[in-house]
Amino acid sequence: ASYAGPTLNPTKDGYCLTRNEGTSTDSQDDFNIVHSMWQLTYEIKQPELFLRNMYYESPAPGQDFYDVASETIVPMLRVLAEDAIVATMLSYTIDDALVSKGDIAGNAKRHLQDKLDVIKSGIKVTDMLMTRIIWPRQVDAAFNSLNEASQESKTLVTTSKGKARQILS
């Protein structure tokens with residue numbers, strides 16, 4: 001796993017969008033960028049559907065079916081999983097995304113499984129985990145400053161309310 005350079009190159013670094021606070025999912029307003037890593041586990045649950053509906057190279061004599069089929073199935077699953085992740089992430093704000101890994105993963109898994117069921121793939125997604133999510137490191141200082149300011153603001157409000165109650169009583 002290499003780290004991104006001093007600037008964000010989406011074609012190399014990859015990214016996903018989250019909606020901005022106060023933005024509906026169908027709006028064309030501002031969005032935030034996050035990076036995430038995922039792990040997908042699947043099984044061929046219905047071999048007859050898989051063999052009938054999925055494209056894969058036929059193994060040559062002596063070749064393992066799994067190795068040959070994986071050359072076409074894994075890239076297809078990657079594309080479908082990426083689409084499910086992007087569609088899912090758009091319904092979360094960046095703050096929600098950073099703390100809701102399990103919810104996001106569950107929703108992305110359902111979205112992916114729905115796509116696989118529509119094409120009658122015979123594939124069952126047994127697990128889909130978001131193993132890491134983070135904002136681009138190029139904005140790390142700004143993100144940390146924002147979090148510190150937000151915490152300081154909450155502390156000041158709480159302290160002020162406490163002093164106001166004390167004075168009023």
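In which helix does Glu71 lie? Glu71 lies in helix H3, which spans residues 65–89; helices are DSSP runs of H or I with at least four residues, numbered from the N terminus. The structure is a predicted model, in which local features need pLDDT of at least 70 and side-chain atom pairs count only at pLDDT 80 or more, while totals for chains, interfaces and linings use all residues. Residues are numbered from 1 along each chain as its sequence is written, and side-chain values use heavy atoms, with hydrogens and water left out.

Met76 also has its place in helix H3. With 23% relative accessibility, Met76 counts as partly exposed, given that buried means under 20% relative accessible area, exposed over 50%, and partly exposed in between (1.4 Å probe, protein chains only). Residues up to four places away in sequence aside, Met76 is in contact with Met54, Leu116, Ile119 and Ile123, where contact means heavy atoms within 4.5 Å. Met54 and Met76 are 22 residues apart along the chain, and their C-alpha atoms are separated by 9.9 Å.

Two salt bridges are present in the structure, each defined as a side-chain nitrogen of Lys or Arg within 4 Å of a carboxyl oxygen of Asp or Glu. One joins the side chains of Lys115 and Asp83 (2.7 Å, N to O). Because Lys115 lies in helix H5 (residues 101–118) and Asp83 in helix H3, this pair ties together parts that are 32 residues apart in sequence. Lys115 is partly exposed, at 25% relative accessible area, and Asp83 is likewise partly exposed, at 37%. In the other salt bridge, the side chains of Glu43 and Lys45 meet (3.7 Å, N to O).

Methods:
Helix = DSSP H or I, 4+ residues; strand = E, 2+ residues; numbered from the N terminus.
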